[in-house]
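Hello,

Here is the structure I said I would pass on. Please look through it before reading my notes below.

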Amino acid sequence: MSKKVKIYSTPSCSFCHRAKDYLKANNIDFEDVDVSLDTQKAEEMVKASGQMGVPVIDIDGQLIVGFDKEKIKALLGI
Amino acid sequence: MYDLIIIGAGPAGITASVYAVRKGLDFLVISEDIGGQTALSGDVANYTGYQFISGPELAAKFEEHISQYNISLKEGETVTQTKKTADCIEVTTNKGSYSAKSLIIASGKRSRQLNVPGEKEFKNRGLTYCATCDGPLFKAKDVVVIGGGNSGLDATMGLLKIVNKIYIVNNAPQLTGDKILIEKVEANSKVTILNSTQVLEIKGETFLNEIKIKTEAKEQTLAVEGIFVEIGLIPNCEFALGIDKNQINEIKIDPENRTNLEGVFAAGDVTDVIEKQIIIAAGEGAKAALSAFKYLSRVL
């Protein structure tokens with residue numbers, strides 16, 4: 001069963017782009033949340049992760065702060 | 001053993017890689033990230049061929065360029081030591097060790113830290129070193145930009161559209177950036193400039209909520225939710241054993257990008273090259289790779 005993946009990002013953040021490219025390259029479907037446009041979603045991200053840096057990647061409710069390829073691999077089993 | 005190891009994958013390291021491929025060298029690239037400071041830059045309007053491109057987009061172009069070659073790349077590795085021995089150069093990282101006949105250090109610079117209480121605790125909890133990346137999270141908040149040079153003023157200009165109020169905390173008696181930027185910042189009613197001012201402490205709970213500062217003898221506390229540290233850069237070359245550096249710890253190079261150690265070259269912002277620009281770093285990377293190739297042709 002495929003996992004639900006969400007990425008909180010801003011358009012100007014390089015690691016966000018790299019994380020999204022990485023997911024695309026591995027054929028992982030994900031929801032992209034641009035927190036620069038949506039203040040409510042930004043607050044949701046800050047509350048959930050306890051910090052304000054992007055990207056935050058939500059894989060089935062487990063949060064990864066930053067573009068941590070090893071953690072992404074482990075959680076997605078790729 | 002590789003012919004060459006390149007440390008860093010910013011404009012200098014990536015351009016060196018492109019040249020190393022074209023010269024048919026057997027080489028390895030080790031880098032914490034791809035794009036280096038370019039990926040953290042705002043708008044780039046002085047890279048030939050692009051009238052206008054954002055930093056992250058230009059970094060993506062760099063990556064696209066090297067991804068067409070089959071390059072051995074160790075991404076996400078941190079170099080902890082480089083050592084010149086009698087017959088090779090040993091490179092140790094947090095994940096392994098490698099050796100090569102030559103080395104190009106193109107590891108760039110990183111943000112200088114304030115070294116005040118609270119800085120580490122509140123990093124990413126309101127304090128950031130990348131206004132471009134994290135700025136959008138501070139919508140309608142009151143923030144402080146620390147630094148009155150061009151990077152502080154650039155950060156301020158970028159934040160003006162997002163935040164409610166900006167205090168610029170500057171340790172010099174006046175702003176030191178480009179005149180055109182200073183005039184724009186001074187004319188904006190959202191900005192309060194505090195010259196001759198030092199940061200004493202950053203405080204908060206889960207997130208930071210105040211900063212204690214001192215202007216000459218007068219101490220005060222500002223209630224803010226964001227702090228952007230823009231006080232310059234330091235070279236990433238603490239790992240290089242036996243290398244000659246200038247008084248600000250940049251690696252000394254000659255016009256052929258040679259360091260004092262035979263077979264060890266350096267390029268870009270980590271060196272004492274005059275002017276730190278993306279296009280200059282790229283050109284220096286090309287020069288370093290060609291010099292390394294010339295060196296290898298002699299010793300191989």
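This is a predicted model: local features need pLDDT of at least 70, side-chain atom pairs count only at pLDDT 80 or more; totals for chains, interfaces and linings use all residues.

Residues are numbered from 1 along each chain as its sequence is written, chains are lettered from A and ligands numbered from 1 in the order in which they are written, and side-chain values use heavy atoms, without hydrogens and water.

The sheet

Chain B has an open sheet of 3 strands in the order 14-15-16, with antiparallel pairing. Strands are DSSP runs of E, at least two residues long, and helices are runs of H or I, at least four, numbered from the N terminus; two strands pair if DSSP finds at least two bridges between them. Strand 14 (197–204) and strand 16 (218–223) of chain B are at the edges with a single partner strand each, so one side of each has no neighbour in the sheet. Strand 14 is joined to strand 15 (residues 208–215) of chain B by 7 bridges. Thr197(B) has Thr215(B) in strand 15 as its bridge partner.

The interface

Chain B gives 18 residues to the contact and chain A gives 20 residues, where contact means heavy atoms within 4.5 Å. The rule finds 3 salt bridges across the interface of chain B and chain A (a side-chain nitrogen of Lys or Arg within 4 Å of a carboxyl oxygen of Asp or Glu). Glu75(B) and Arg18(A) form a salt bridge through their side chains, at 2.5 Å, N to O. On the side of chain B that touches chain A, helix 2 (55–67) and helix 3 (131–134) of chain B are the elements that give two or more residues. Helix 3 of chain B gives the most, with 3 residues.

Regards
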